[in-house]
Amino acid sequence: MSLFFHCVHVKFCSSTAASGMYKIVRPAVGESLREMPLAELKNKYRKLSSIEKARSGWEDEYEVSSKQCMHGPKCKLANYCTVGRRIQEVNVLGGLILPVWGTIEKALSKQARQSHKRLRVVRLETTADNKRIVGLLVPNAAVETVLQDLAWVQDIDD
Ligand SMILES: [Zn+2]
């Protein structure tokens, strides 16, 4: 059984018959971890009259969430905000990072947000060509500072 509900965001809900709970799938972030009982679902969301309305609402949000966070165009963090964004840009510094470790650490320590100051090693695999990359995660807000502070590395290469 499938139901379509609508409020601010469009959600697709399907029941997991055994438990009477509903799985929630959002266009921007996919399946939600938390399941919802029907009573709460009916309380929070309104059932749509037509599948066509559900489809167009879903497609609109799917499109918008590729470029915009869930706070909308007036978000304080603008392009840096990734909350509810379907497509996120992540900067990973790979290659020979040990020699520049200290420089990056210093650049990140200048960041305003506590979560951006921490050095984080990430591993990722690209979907297009299954390339594996290990590197340091550079928060989007810190990219400029890090690049500035790494300018001396380029000088050595030249
Ligand atoms: Zn935001």
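Strands β3 and β4 form a hairpin, with three residues between them. Strands here, like helices, are DSSP runs numbered from the N terminus: a strand (E) has at least two residues, a helix (H or I) at least four. The structure is a predicted model, in which local features need pLDDT of at least 70 and side-chain atom pairs count only at pLDDT 80 or more, while totals for chains, interfaces and linings use all residues. Residues are numbered from 1 along each chain as its sequence is written.

Strand β3 covers residues 21-26, and β4 covers residues 30-31. The two pair in the antiparallel sense over two bridges; strands count as paired if DSSP finds at least two bridges between them.

In general, strands of a sheet pair through backbone hydrogen bonds, either parallel or antiparallel.

Three bridges connect β7 with β9 (residues 132-138), and Leu 93 has Leu 136 in β9 as its bridge partner.

The largest nonpolar core has five residues: Ala 107, Leu 108, Val 138, Ala 142 and Val 146. Such a core is a set of buried Ala, Val, Leu, Ile, Met, Phe, Trp, Tyr and Cys residues joined through C-beta atoms within 7 Å. A residue is buried if 20 or more other C-beta atoms, placed from the backbone, lie within 10 Å of its own. Of the 158 residues of the protein, 10% are buried. Beyond its neighbours within four places in sequence, Val 146 is in contact (C-beta atoms within 7 Å) with Ile 104, Ala 107 and Val 138.

How far can the model be trusted? The predictor's confidence in each residue is pLDDT, from 0 to 100. Its mean for the protein is 80, and 85% of residues reach 70 or more. Confidence is highest in helix α3 (residues 101-109), at 91, and lowest in strand β1 (residues 2-6), at a mean of 40.

How values were computed: A residue is buried if 20 or more other C-beta atoms lie within 10 Å of its own, exposed if 12 or fewer, and partly exposed in between; C-beta atoms are placed from the backbone. Two residues are in contact if their C-beta atoms, placed from the backbone, lie within 7 Å.
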